[in-house]
Amino acid sequence: MGKTRIALRITALALAGAMAVAGAGTAQGAGTPRPIKYVALGDSVAAGIGAGSPTANSHNCWINEEAKIRVPNSTKAYPRRVAAALGAQLDFQAYCGATVRGVRANQTRTLSKTTKLVTVQVGANDFGFADVLIECAVLGRPCMDDLRWIQQQYLNVLPGRLDKLYDKIRMKAKNAKVVVVGYPKLVTPTFNSTCMGDGGLPNDVRTEMNGAAHTLNDVLRIEAGKHGFDFAEVEPSFKGHAICEDPEWINGFSNPLVESYHPNAAGHEALGWLVWQQVKPTAGNRS
């Protein structure tokens, strides 16, 4: 994309300033315009797991699975940054561990004709991609066959799941701008012996892991286009910022473990900026 690090790390405050300029003169009369209703759907990346504040000592998405208490969404997650920039009323439905089916069943209930903005980032958890990452990097188990199988599922099965989810979003939020958010590649193409933060994966596993992320993004982009949704491209901007790169926007092995292989706070600043590029042309249209 040719954007500099400084440009990509625009803070929510700076975005809010840009929003004020973009939306100047849109208020009706002298009154304050009503905030737009923004619903953020998705999985642990959308929820900001890995961005910090708050954090929870957990190896997975649950603090207490029996009591159904999940790791809390981060105050630094990109939906919060976008909402602050827009002065929007955020309905933060995303949660750690969500799949496409989970989002469709559990997160879309608050969508309505008054919803003006929806972001949705989901698909990475389908078919056990997160579990395979742990098997590869933490446990050192062979995972090439699993990664190839996951790519095939992304190509052959995921489109149908996304189609049902996107249809439901459009049916319930008829007047909303919908932005589908992609995923970054997580690891460098080649092994770097000076940094073991990504688990020291062999090069063939890195190729398959990044290939799975790229395939997922291709499917998300195509399905978003079929439904008339915008797509926030993530891969190009995160190039050079994977685990072990400088600066890295993705966490390597972390404590708690659940934050591993997720965008960090700098990554969420970048994600917020990328989503902003999709929403700012219509951001002044508040009703």
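**Exercise 1.** How many of the 15 residues of α11 are buried?

*Solution.* Keep in mind that you're looking at a predicted model. Start with the cut-off: a residue is buried if its relative accessible area is under 20%. Next, go along the helix and list the residues that pass: A266, G267, H268, E269, A270, L271, G272, W273, L274, V275, W276 and V279. That makes 12 of the 15, so α11 is largely enclosed by the rest of the structure.

**Exercise 2.** Work out what span helix α11 should have, and check it against the model.

*Solution.* Helix α11 covers residues 265–279, which is 15 residues. The rule is 1.5 Å times one less than the number of residues.

**Exercise 3.** Take L274 and decide: buried or exposed?

*Solution.* First place L274: you'll find it in helix α11. Then look at its relative accessible area, which is 4%. Buried means under 20%, so L274 is buried. Now find S237, 37 residues away along the chain from L274: their C-alpha atoms are separated by 8.5 Å.

**Exercise 4.** Find which atom a side-chain oxygen of N264 reaches at the start of α11.

*Solution.* Go to the start of the helix and pick out N264. Follow its side-chain oxygen to the backbone nitrogen of A266, which lies within 3.1 Å.

**Exercise 5.** Zoom out and describe the whole protein chain.

*Solution.* Count the elements: 11 helices and seven strands. Then check burial: 52% of the 287 residues are buried. Finish with the accessible surface, about 12700 Å², 52% of which belongs to carbon and sulfur atoms.

Technical notes. Residues numbered from 1 in each chain as written. Predicted model: local features only at pLDDT ≥ 70, side-chain atom pairs only at ≥ 80, totals over all residues. Heavy atoms only, no water. Helix = DSSP H or I, 4+ residues; strand = E, 2+ residues; numbered from the N terminus. Buried < 20%, exposed > 50% of the residue type's maximum accessible area, 1.4 Å probe, protein only. Areas by Shrake-Rupley, 256 points an atom, 1.4 Å probe, with all protein chains shown as cover. Polar contact = N/O pair within 3.5 Å; in protein donor to acceptor, adjacent residues only side chain to side chain.
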